[in-house]
Amino acid sequence: MVRRNEQRRAALVDAAIEVLARDGARGLTFRAVDTGAAVPMGTASNYFTSRDDLLTQAGARVYERLQPDEGTIARQQTAGKDRDAYVTLMRELVGRIASFRTGYLALLELRLEATRRPELRRVLTERVRADVEANVGYHEGSGLPGDATAVKLLYLALNWLIVEQLTLPDVFTPAERDRLVTAAVERIVTPE
């Protein structure tokens with residue numbers, strides 16, 4: 001029987017994210033999630049039909065938590081429509097993702113696990129494709145310079161910068177990170 005207490009489910013999935021980030025996919029067990037969520041042993045198995053179900057829900061939850069809040073969206077919508085505004089937007093994006101270190105590391109673990117689990121690969125592929133399409137759609141409606149290819153190139157470049165910051169944080173200083181984001185936007189987003 002699968003339980004329906006959504007607050008408890010969210011706490012369990014959040015604990016799964018922390019376990020993935022700390023111990024990797026192989027360390028993700030129902031017992032580890034129960035411990036991480038500080039719930040009685042056996043609770044996670046009442047909420048998730050399988051480990052695959054837990055992995056899939058953890059991936060979805062990371063994306064939920066990475067979404068900008070309403071204030072950030074409103075600020076972005078009223079900002080300028082030039083490359084300087086684009087740089088600010090990308091710096092905020094990189095900063096938001098880097099501030100949820102465990103979530104992004106968990107997502108990296110899920111991506112690696114997806115190479116061995118076809119269903120997880122399918123779910124993550126759909127989610128990432130939808131995320132890229134949403135970013136392109138947002139960009140096209142925003143009035144910012146550049147095209148869909150620029151959005152995709154920035155997605156690829158900035159994702160690796162984020163990986164570097166989260167896994168080897170001493171490679172680039174925060175100031176270097178900001179300069180790299182600025183350079184990426186200036187070189188990829190051509191003036192119209």
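**The whole chain**

Begin with the entire protein chain displayed as a cartoon; the model is a predicted one. The chain contains 10 helices and 0 strands, and its pattern along the sequence is α-α-α-α-α-α-α-α-α-α. Along the principal axes, the C-alpha atoms occupy a box of roughly 55 × 35 × 30 Å. Of the 192 residues, 40% are buried. When contacts between residues at least 6 apart in sequence are considered, 69% of them link residues at least 24 apart.

**The nonpolar core**

Next, select Leu 12, Leu 20, Leu 28, Val 33, Tyr 86, Met 90 and Leu 110, and show their side chains. The largest nonpolar core has 55 residues, and these seven touch the most other members. In soluble globular proteins, nonpolar side chains tend to be buried together.

Centre the view on Leu 12. Beyond its neighbours within four places in sequence, Leu 12 has contacts with Val 33, Asp 34, Ala 37, Val 39, Thr 43, Ala 44, Tyr 47 and Phe 48.

**Helix H8**

Select residues 118–142, which form helix H8. This helix of 25 residues spans 36 Å from its first C-alpha to its last, close to the expected 36 Å. Which residues of H8 are buried? They are Leu 120, Leu 124, Val 128, Asp 131, Val 132, Val 136, His 139 and Ser 142. An α-helix has 3.6 residues a turn, so residues three or four places apart point the same way.

**H8 against H9**

Keep H8 and H9 in view. Their axes lie 9 Å apart at an angle of about 130 degrees, which makes H8 oblique to H9. The crossing is right-handed. On the H8 side, the contact involves Val 128, Val 132, Asn 135, Val 136, His 139 and Glu 140; H9 contributes Ala 148, Val 151, Lys 152 and Tyr 155.

**H9 against H10**

Finally, select helix H10 (residues 174–188) together with H9: their axes come within 10 Å and cross at roughly 165 degrees. The two helices are therefore roughly antiparallel, and H9 passes H10 in a right-handed crossing. Ala 150, Leu 153, Leu 154, Leu 158, Leu 161 and Gln 165 of H9 meet Arg 177, Leu 180, Val 181, Ala 184, Val 185 and Ile 188 of H10 in this contact.

Terms used
Residues are numbered from 1 along each chain as its sequence is written. This is a predicted model: local features need pLDDT of at least 70, side-chain atom pairs count only at pLDDT 80 or more; totals for chains, interfaces and linings use all residues. Side-chain values use heavy atoms; hydrogens and water are left out. A nonpolar core is a set of buried Ala, Val, Leu, Ile, Met, Phe, Trp, Tyr and Cys residues joined through side-chain atoms within 4.5 Å. Buried means under 20% relative accessible area, exposed over 50%, partly exposed in between (1.4 Å probe, protein chains only). Contact means heavy atoms within 4.5 Å. Helices (H or I, at least four residues) and strands (E, at least two) are DSSP runs, numbered from the N terminus. The expected span of a helix is 1.5 Å times one less than its number of residues. Axes are lines fitted to C-alpha atoms, for helices over the stretch in contact, and angles run from 0 to 180 degrees between N-to-C directions. Angles under 35 degrees count as roughly parallel, over 145 as roughly antiparallel, 65 to 115 as roughly perpendicular and the rest as oblique. A crossing is left-handed if the near helix is turned anticlockwise from the far one by less than a right angle, and right-handed if clockwise.
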